[in-house]
Amino acid sequence: MLLLEPNNKVLAETISAQLKPLELIENDDGKQEKAKREPIDVRLCDFDDVLYHVLVSHDARDTLMLSVYLPCWNEIKDRGGLDALKEHYGDFISSSKEDGYDVTLTVNLDNPPMKPEDLVLKLSSIKSVLVGGIFDRYFSGLLSAKPVTENFTFKLKGDTQIFMVPRAERVIIVYSLQFNDKVDAAIAKVFMQEFVDARRRITSAPPCTFSVNPPLELKEFGIVEPIPGNLGFVSFAVEKRNVEGVRKEKVVFVLQSFRNYIQYHIKCSKAFFHSRMRARVVSLIKVLNRAKQDVPAGQKEMKTIQGKTFKRDV
């Protein structure tokens, strides 16, 4: 299995195209001058029902506006989301956000504050940074003398709810997963069991459990019975040793993108199954073609009016 990249590739390509140096063209007087930047208005979608709007307007062609809509923003902004926004994008935050979006950033295209490739990666990773803010808050508290003691839950998207239960030496992250497609649910269940089995072989990984019944930690949220239509609950007990030093950033990214990770590999598995089925059909057709008997020379195969077949010498 592979991990997804933290940034949105299409968003990165869109922003990168605007940061390219402008070409020199010859004006009517025969002198060289920079070409005018073309305005753009691009709307993109991402995992977890996230929306992006990239705008370079006619009136301000030297400014790029990036607006982001996060379904869970109102739930997480006061619990790490806003802190992550200010820490990573403080200089880019616009004083007025675009209608229908939660965050708006502005970038001076003629005078970017950093190398273009670094700026592209930074801006295209905004979803991972904002959603990861809530995880970073709990893990930073776990490492500090003032841990976060508040239990918290939020809906990452319509079919996924995340519960955070802090303890003295660990933070327990519980995912409540739901899949509308029966095939997706069957494949996801196999993946969840693989996570549990892998933990037995990799002792340094956080403890992982999967069950249809809610874990005991969810009693504090009033959940004591299985949720109808729910695939189950998968939980990770993240300890101090798992987030010390440079490990924290990686753990934050892996956990905030866990639902997308599962969905991506479900789609890959289904594509693999279909390719195997198509290959099997082709091989069976070849077997059937080899089983056909050739009519001997000098004979002609004919049918009666009732549909019976007979051969006549010619």
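Guide: Val183, Asp184, Ile187, Ala188, Phe191, Met192 and Phe195 in helix α6 meet Phe258, Tyr261, Ile262, Gln263, His265, Ile266, Lys267, Ser269, Lys270 and Phe273 in helix α9. The residues of this contact divide into 11 nonpolar, three polar and three charged. Contact means heavy atoms within 4.5 Å; Ala, Val, Leu, Ile, Met, Phe, Trp, Tyr, Cys and Pro count as nonpolar, Asp, Glu, Lys and Arg as charged, and the others, including Gly, as polar. The model is predicted: local features need pLDDT of at least 70, side-chain atom pairs count only at pLDDT 80 or more, and totals for chains, interfaces and linings use all residues. Residues are numbered from 1 along each chain as its sequence is written, and side-chain values use heavy atoms, with hydrogens and water left out.

Visitor: At what angle do α6 and α9 pack, and how far apart are their axes?

Guide: Helix α6 (residues 182–201) and helix α9 (residues 258–291) pack at about 115 degrees, with axes 10 Å apart. Axes are lines fitted to C-alpha atoms, for helices over the stretch in contact, and angles run from 0 to 180 degrees between N-to-C directions. Helices are DSSP runs of H or I, at least four residues long, and strands are runs of E, at least two, numbered from the N terminus.

Visitor: Why is Asp184 called buried, and why are Lys267 and Lys270 called partly exposed?

Guide: Buried means under 20% relative accessible area, exposed over 50%, and partly exposed in between (1.4 Å probe, protein chains only). Asp184 has 7% and therefore counts as buried. Lys267, at 45%, is partly exposed, and Lys270, at 22%, counts as partly exposed.

Visitor: Which residue forms a salt bridge with Arg259, and why do both partners count as buried?

Guide: The partner is Asp159, with the closest N and O atoms 3.0 Å apart. Arg259 in α9 and Asp159 in the loop between β7 and β8 are 100 residues apart. Arg259 counts as buried because its relative accessibility is 3%, and Asp159 because its value is 17%.

Visitor: How do you know that β11 is largely enclosed?

Guide: Eight of the eight residues of strand β11 (residues 232–239) are buried, so the strand is largely enclosed by the rest of the structure. Gly232, Val234, Phe236 and Val238 cover one side, and Phe233, Ser235, Ala237 and Glu239 the other.

Visitor: What makes β9 and β10 partners of β11?

Guide: Two strands pair if DSSP finds at least two bridges between them. Eight bridges join β9 (residues 170–177) to β11, and four join β10 (residues 208–211) to β11; both pairings run antiparallel. The open sheet of five strands has the order β7-β8-β9-β11-β10. Strands β7 (152–157) and β10 stand at the edges with a single partner each, so one side of each is left without a neighbour in the sheet.

Methods
Salt bridge = Lys/Arg side-chain N within 4 Å of Asp/Glu carboxyl O.
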